Amino acid sequence: MQKSIERIAGDSDGVVYEFPVLRFMGSDKAAPSAYLQAALHAGELPGVVAIDALMPALNKAQAEGRIRGNITLVPWANPIGRAQYHFGEHQGRFHLGTRTNFNRGFPLLAAPDASLLPNAAHGGADQRLKTRLVQLSLGNDMVIDLHCDDEGLAYLYIHTSLWPAMADCAAAMGVDAVVLWSEDTDGTFEGAQIMPYQNVPADVAKLDRRVVTTVEYRGILDVDGALAKADAEGLYRLLVARGVIADAALPAPGAFKGIVTPLENIDMMPAPRAGAILYDVKPGDRVATGARLATIVHAPGEADGRTEVFAPQDGIILTRRSRRIIRAGEDLLKLAGDRKSADARSGTLED
């Protein structure tokens, strides 16, 4: 395994951000290559510990000559967000200087050609970081971006052009659900990896062998040794299933039996009032239209001091908030509905 250190100059003199890049060199130039990163939202740590738990299997495979394709790992993809604290609270989702989500504003190229990227020396530190991450990842056959939600099931975002070809990946990783999307106008990291392949010849796109996904590893508090081990085993199965690593002892993944839903079916369920949340449902629950999802206690002890929230359609609870205080208009949960959502925001990538 080779380790290098990437450096991103800060926006003022004397400030430099660093993050490690770990590489395993494959023995077969024709084998698929893989890129895995974690903590683009710097406080989302289940992917960080999953990569840590994966390393012994990668080291063993390297020692035994079973790594066929190149593997690149970036366990801490966002040193800028990792360093951001405000009054003792970590702030790793948005850049405090630009107020931009760290998973927005990636360049969406017209073709998978790194020469089309903006000059990496230009822009603020957060934009230069994004350009560098695309430089490191673009062109790999597999690009896996490890995130987590607030509280939730394990699920994948997958572009419609890669489904159902990626069903084996969902099965190998053991996730509960897949959310299919088709458009990205905001420049997510995942979009920067798949959108350049949408208008190029099929022999260049090679969509049948391409793997691009944002992985939501349950909730932000699910940083646990047993879960990390299980997630690492899923990543290893994925690398074997797609031919990056050779392991004859590992069976092929079976059929994916989880939930598959288009992004347009997701109801985000905004809170009608500010207050304390009393949930009636948890991730994984099946609900019917009209079922009570939560109660907002906005005027404790007073008549009419509670407001109830009901399911707009049948579906599965995908996620909910980990904090129980909420402002009016903030989202209570994600409901993966059986039909298209009536919410105008549905169909927009949320992570």
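Helices (H or I, at least four residues) and strands (E, at least two) are DSSP runs, numbered from the N terminus. Contact means heavy atoms within 4.5 Å, and axes are lines fitted to C-alpha atoms, for helices over the stretch in contact, with angles from 0 to 180 degrees between N-to-C directions.

This is a predicted model, where local features need pLDDT of at least 70, side-chain atom pairs count only at pLDDT 80 or more, and totals for chains, interfaces and linings use all residues. Residues are numbered from 1 along each chain as its sequence is written, and side-chain values use heavy atoms, leaving out hydrogens and water.

Let's start with the sheet. Nine strands form an open sheet with mixed pairing, in the order E1-E2-E4-E3-E7-E11-E9-E10-E12; two strands pair if DSSP finds at least two bridges between them. Strand E1 (2–9) and strand E12 (259–262) each have a single partner strand, so one side of each is left without a neighbour in the sheet. Inside the sheet, E9 (residues 154–159) runs parallel to E10 (residues 177–181), joined by five bridges. Here Tyr157 stands opposite Val179 in E10.

| Helix | Lies across | Angle |
|---|---|---|
| H3 (residues 125–137) | E1, E2, E3, E7 | about 150 degrees to E1 |
| H7 (residues 225–241) | E3, E4, E7, E11 | about 160 degrees to E7 |

After H1 comes Gly65, with a positive phi near 70 degrees.
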